[in-house]
Amino acid sequence: MLLRAGSVALRFGILRDIFEAPVLHNAPVRRTMTPVLHVITAVLVLLALLFIGTIYYSYRGYWALQTYFTIEALNTAQCGLVVLAFLWHRFLGIRMSRFVFGIAFGLGLITGSEPLMHALRDSLEARFFHVVDFTQMGIYHIAVLVWLCYVLAWDNIPGD
Amino acid sequence: MIPLITLAIFAASFLGFLIFQVRSRYSRSSVSAVGAALIPVDLDAFENLTDPSEEEYLRKNLSAGEFRMVQRLRIRAARMYVSALSENASRLVAAGQSARSDSDLNVAASAQEIIQQAIRLKVWCLLAEYRLMAALAFPNFLSPSNAIARRYQAVAHLATHLPGRAAA
């Protein structure tokens, strides 16, 4: 759980960099944007806590697993931030660089699938755990491949 | 079971969103947006709509109810101008992005400057939109600002240095 918490924290930093990518050389806009981003993140975390809390409230041992559900909520909030990152670039009219797009897409794959994988693991019998683990590892590898492809990439992609 | 179904729907929707982003990135329409002409905007008319002295004149010569009605009409018109300015800011960003890879270093540097200034303009337009919405709700207490008109003029002037720039 500590490793997962660390991973979730690291992703918040990556998401902040994705938001700041179009305004990296624009200090005034970055100064305006930073507190707004913090407020939006806080709102998304609260909404995610509500979402995850209402889903898992009827679970046995709910009150003993608060930390676990909090991490799930943070993960879900990151899905919202990934969506907002794409919408932010679209609003500014900025085309995401290949590198940023690849990271955002790969990050989206991971953050979007993790809550489902954990719920699946809780629902299945122990003999099927390895199926979920392999699926989750597969998603991670696909995300890494996506990052690598966009970084090393693809001169022939039109408009890229 | 319910958490699993809910999270599966959530994950599927999110995956659909990501796939849509990939498709829209490489669609023809996103590429053809570059080079679109700027929307003509009458900045004098916009400044007139947001002129504090004009507002003060109306406030003195109209009843409270009439002033609120007229002011709301002026603010709605001002919002249309801000919307056009925001769209032009997006087109300036697109023009800057296309010129950024120009072989002429001066043009590339100008393009980068235009992108940054156009992004600032876009954010100002968003803040101006929120201010106008608040002024629409409370026309007696809040007034629109015309500062964005001067900022737009400065950015549009920068764009004149780009080759084959979008006409204003």
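Figure 1. Accessible areas come from the Shrake-Rupley method with a 1.4 Å probe; for residues, only the protein chains shown count as cover. Of the 160 residues in chain A, 44% are buried (buried: under 20% relative accessible area; exposed: over 50%; partly exposed: in between; 1.4 Å probe, protein chains only). The chain has 5 helices and 0 strands, in the order α-α-α-α-α from the N terminus. Helices (H or I, at least four residues) and strands (E, at least two) are DSSP runs, numbered from the N terminus. Among contacts (heavy atoms within 4.5 Å) between residues at least 6 apart in sequence, 72% join residues at least 24 apart in chain A.

The model is predicted: local features need pLDDT of at least 70, side-chain atom pairs count only at pLDDT 80 or more, and totals for chains, interfaces and linings use all residues. Residues are numbered from 1 along each chain as its sequence is written, chains are lettered from A and ligands numbered from 1 in the order in which they are written, and side-chain values use heavy atoms, with hydrogens and water left out.

**Figure 2. Surface and make-up of chain B.** The accessible surface of chain B is about 9,100 Å², with 60% belonging to carbon and sulfur atoms. Chain B contains 7 helices and 0 strands, and 40% of its 168 residues count as buried. Of the contacts in chain B between residues at least 6 apart in sequence, 76% link residues at least 24 apart.

**Figure 3. Helix H7 of chain B, residues 147-158.** This helix has 12 residues and spans 18 Å from its first C-alpha to its last, close to the expected 16 Å (1.5 Å times one less than its number of residues). Its buried residues are B:Ala147, B:Ile148, B:Ala149, B:Tyr152, B:Val155 and B:Ala156. Their cover includes helices H3 (43-49), H5 (64-99) and H6 (105-137) of chain B.

**Figure 4. B:Lys122 in helix H6 of chain B.** B:Lys122 is buried but has no salt bridge (a side-chain nitrogen of Lys or Arg within 4 Å of a carboxyl oxygen of Asp or Glu). The nearest side chain of opposite charge is B:Glu87, 5.5 Å away; Lys and Arg count as positive and Asp and Glu as negative, while His and the chain ends are not counted. Leaving out residues up to four places away in sequence, B:Lys122 touches A:Phe91 and A:Leu92 from chain A, and B:Ser86, B:Glu87, B:Ala89 and B:Ser90 from chain B.
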